[in-house]
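Please keep the sequence and the structure in view while you read.

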Number of protein chains: 2
Amino acid sequence: MSKTLVGACIFAQSGGPTAVINASAYGVIKTAIDAPEITHVYGAANGIVGVINDVLYDMNAEDAYELSLLPYTPSSELGSCRYKLKDPREVGADGDYAKILNIFRKYDVRYFFYNGGNDSMDTCAKISRYFAEVGYECRVLGIPKTIDNDLCGTDHSPGYGSAAKYIATSVAEIHKDNNVYDTGSVAIVETMGRHAGWLAGSAALARLTGAGADLIYLPEIAFDMEKFVDSVKSVYDIKKKCLVVVSEGISYADGSFVSEAKTSASDGFMHAQLGGLAAVLADVVKQRLGVKVRGIELSLLQRCGAHIASKRDIDEAQAAGEFAVRAAINGESGKMVSLRRAAGEAYECGCELQPIEAAANNEKKVPREWINADGNDVTQEFIDYALPLIQGETERPTENGLPRFARLKKLPPKNTMV
Amino acid sequence: MSKTLVGACIFAQSGGPTAVINASAYGVIKTAIDAPEITHVYGAANGIVGVINDVLYDMNAEDAYELSLLPYTPSSELGSCRYKLKDPREVGADGDYAKILNIFRKYDVRYFFYNGGNDSMDTCAKISRYFAEVGYECRVLGIPKTIDNDLCGTDHSPGYGSAAKYIATSVAEIHKDNNVYDTGSVAIVETMGRHAGWLAGSAALARLTGAGADLIYLPEIAFDMEKFVDSVKSVYDIKKKCLVVVSEGISYADGSFVSEAKTSASDGFMHAQLGGLAAVLADVVKQRLGVKVRGIELSLLQRCGAHIASKRDIDEAQAAGEFAVRAAINGESGKMVSLRRAAGEAYECGCELQPIEAAANNEKKVPREWINADGNDVTQEFIDYALPLIQGETERPTENGLPRFARLKKLPPKNTMV
């Protein structure tokens, strides 16, 4: 047990939103408000940018009931950013770091919790090193989140389970719809996932409903348009239907994104297609096979669809936030909360700490052996990994038949200037 | 009370699927199985096409529990069609009608329930007239369904409430996501609705969550691209955000669809855009205002998103099916079940019958006075109309964290041939 450190805390959110990132926010804020060592809880507007610009919200002034709705409120309620700090060793104590230190001193902040993906863990690592160099005592902990599930150093990332549940549920429903007529039809569903196929792979879970994807393409495997058309044709020839799920990030062997393919359109001119990968592939299948095709981009809803969030994901996201605060009070710093899954059949998962560098600036891909030999599906290992993460239904409250989101006051800190 | 008619019944589904059309199926099938007047219950595969081709399923052979899952199973479980019968008066008793009559005689069918939109009501009307002309005693009743809500002769259509709930919930979540960064962004969400704006208008309900659409465009109002760009700019100039919802069917004053607009792309050539209306409008806003824009097409999910169906819609769809069977047993024929909403503040709604011609081949548009003067939003009257229809959460069962759809055996009729 390290020495007791008393002071305020700042919590901030960074990177792309998820359906459950505010569950981690609730875990941090509630635990910090209740902790005697933490004198005040501030939320930063738009991540580290709000710290730099001194735009903070007074979390202690929020209504407890509204805070308790955060786990059911999608997107980053305090606002997010995609701001990358320079390395302080490169630039010395330039503007950003000096401003951050100034704000931390102004509010006597001794605890900093940053909730984000690998860029955010990089920010944590830099701030942590900077504080150590200038001798400012502050405990810095990272809390993971990303729907992409590409964070290293953790079994999975909070946010992934809910996105996977959204995708699997939606793909099952789309399968039902795509089979309604006795005429042939192909549906091509595009998920997010620029470099890793965790999201696209989750469509395989839909098969447990009896209505799943026929073909799944991940960015881990070089895409081959001829093989793709052949595979669709093989399925279609038997079933007169085909449901394909593709990750937005699939690319050819030369590294170019399929979504940026220049295709020959009916007007005879080569031009880049609007409307994303699903539209590009739908056009190719339509022209090559002469069948009815519909391209469907799941777009933002897969990351903000809180109404179909995984209860387990909500619970784990909240637990990660709580764990971060307790660990920091116990003296930990410069680390990231990670989820460790116990070995064995039954799913058990708890929080632990990892060196923050384990996650910063790395990407976890789907292992090759979890993808089938043809490169157009995932294996049972993938399903065994992902299925436990989508379990449980959200207990979200509703009002007027609509989601009842948290309504925060977001008041500025008061009487801080002396 | 008319005379008792004893015989088998055929139930069939037609037109585009909805999240709750199988709730009507359950209402019909369960009530018909339990009715002593109805000797056997058949489901036709793919609507009237299954009748013509003698592809029927034996509903009495289904497991009761599986049938009870139908209200939570999206899309048309028996399969659907878009087959339009010719008018028997025009062409005489041509092949289709003779085949239908032959099948009805073969299975001694005396009750026919057809669940669909206005084309399906037209089919009901034609079959009903044909049977009367040839002197075949059979009671024919139509049961309404359409997410478009454009059926005349009913306050609203089963299927609309769930689609509206999906849209309102999704728009609220997209609004949260679109506001996450402190940088500017515009989102353009495309709903279905070729000729009527009921679906696009339902995005206004999202405002009750505090996170709704800024601008809503319906097909009832001629679209003006300049006014549209100006309106987006006005909202954006104040909020640095703008959330637009458009109906796929919006058209210019000359009647041409905006989704088919030829726009001048950056390569200098005029060409039709892929990817639908949202992509077309996103491209225009990006080029004209130079801001970040995302086009989002809700696509099939708005009509098959059973996981966020309205409980009221499920209940009403089922009640409409039950009512049809009871009415037919009581001697009614050649009519459509309609929903009548009681006057007054509290929502009360019951089933009644309408002449089938009231619905056939007509379209109910959003009244002009329910759209604001600028033609870019709906009024409080619209909200008062639509809000009761999205109330209540589905009680759908899950398995493995995924929807547990009905699994029907779909066995052929046995021992019918004598």
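Helices, of at least four residues, and strands, of at least two, are DSSP runs that are numbered from the N terminus. With that in mind, and remembering that this is a predicted model, we can turn to one residue of chain B: B:Gln354 has its place in strand E13 of chain B, which covers residues 349-355.

Is B:Gln354 buried or exposed? A residue counts as buried if 20 or more other C-beta atoms lie within 10 Å of its own, and B:Gln354 is buried because 20 other C-beta atoms are found within 10 Å. Leaving aside residues up to four places away in sequence, B:Gln354 touches B:Gly153, B:Thr154, B:Lys335, B:Met336, B:Ser338 and B:Ala359. The C-alpha atoms of B:Gln354 and B:Leu151 are separated by 12 Å, although these two residues are 203 residues apart along the chain.

The largest nonpolar core holds 275 residues, and among those with the most contacts inside it are A:Phe113 and B:Phe113. When residues up to four places away in sequence are not counted, B:Phe113 touches B:Cys9, B:Phe11, B:Val28, B:Leu141, B:Ile143, B:Ala324 and B:Val325.

Chain A is divided into domain 1, made of residues 7-146, 305-362 and 393-403, and domain 2, made of residues 160-303. The C-alpha centres of these two domains of chain A lie 35 Å apart, and 12 residues of domain 1 are in contact with 10 residues of domain 2.

Between the chains, 61 residues of chain A are in contact with 61 residues of chain B. Several elements of chain A give two or more residues to the side that touches chain B, including helix H10 (276-289) and strand E11 (293-297), while the largest share, nine residues, comes from H7(A).

The table sets out two contact sides by residue class.

| Contact side | Nonpolar | Polar | Charged |
|---|---|---|---|
| Domain 1 of chain A, touching domain 2 of chain A | five residues | five residues | two residues |

How, finally, can chain A be laid on chain B? A turn of 180° with a shift of 0.0 Å along the axis brings chain A onto chain B with an RMSD of 0.0 Å, and that is the relation of a two-fold axis. The same surface serves both copies, since 100% of the contact residues of chain A recur in chain B.

Notes:
Residues numbered from 1 in each chain as written. Chains lettered and ligands numbered in written order. Predicted model: local features only at pLDDT ≥ 70, side-chain atom pairs only at ≥ 80, totals over all residues. Core = buried A, V, L, I, M, F, W, Y, C linked by C-beta atoms within 7 Å. Buried ≥ 20, exposed ≤ 12 C-beta atoms within 10 Å, placed from the backbone. Contact = placed C-beta atoms within 7 Å. Least-squares fit on C-alpha atoms with pLDDT ≥ 70 in both. Domains from an automatic or database assignment. Nonpolar A, V, L, I, M, F, W, Y, C, P; charged D, E, K, R; others polar.
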